[in-house]
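Subject: Structure handover

Hello,

Here is the structure I promised to pass on to you. Please have a look at it first, and then read on for what turned up.

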Amino acid sequence: PFNAITNIHFQLLQDSYVQLSIYDLKGNHIKTLLDSPQVRGYKTLTWNGKNENGELIPAGVYFYSVSSGNITDSRKIIYLK
């Protein structure tokens, strides 16, 4: 659970193009945090609980999805106010 900001950590084993996006429970896109080539290594992204329009989202359960090459991983995050 987080309030105000959260850090999302992931590791790349090789240089690759990475997309990381936030979705609500219905699968609606909320925010893209990363959509660019990245070098291998540990990465940390910060999300402030705002959507693409810069508006604070309602408290609730959300998911982030990280895609790199043919690998996709999704995790649950809980936003509290």
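Let me start with S65, which touches Q19, L20, S21, Y23, T72, D73 and S74, leaving aside residues up to four places away in sequence; contact here means heavy atoms within 4.5 Å. S65 is found in strand 5, where strands are DSSP runs of E with at least two residues, numbered from the N terminus. S65 counts as buried because its relative accessibility is 14% (buried means under 20% relative accessible area, with a 1.4 Å probe and protein chains only).

Before going further, some notes on the source: this is a predicted model, in which local features need pLDDT of at least 70 and side-chain atom pairs count only at pLDDT 80 or more, while totals for chains, interfaces and linings use all residues. Residues are numbered from 1 along each chain as its sequence is written, and side-chain values use heavy atoms, with hydrogens and water left out.

Four strands form an open sheet in the order 3-2-5-6, with antiparallel pairing (two strands pair if DSSP finds at least two bridges between them). Strand 3 (29–38) and strand 6 (71–79) are the edge strands, each pairing on one side only. Strand 5 (residues 60–68) is joined to strand 6 by nine bridges, with S67 opposite T72. Seven bridges join strand 5 to strand 2, and there S67 stands opposite Q19. Strand 2 (residues 16–24) in turn pairs with strand 3 over eight bridges, placing Q19 opposite D35. Strands 2 and 3 form a hairpin with four residues between them, and G27 in the turn has a positive phi of about 90°.

Strand 1 (6–12) is joined to strand 4 (residues 41–47) by seven bridges, and the two run antiparallel; N7 faces T46 across this pairing.

A pocket is an open set of points on a 1 Å grid over the protein atoms alone, where a 1.4 Å probe fits, with protein on both sides within 12 Å along at least five of seven lines; lining residues have an atom within 4 Å of a point. Its lining has 16 residues, of which Q11, L12, L13, S68 and I71 lie nearest the centre. Strand 1, strand 5 and strand 6 each supply at least two lining residues.

Best wishes

How values were computed:
Buried means under 20% relative accessible area, exposed over 50%, partly exposed in between (1.4 Å probe, protein chains only).
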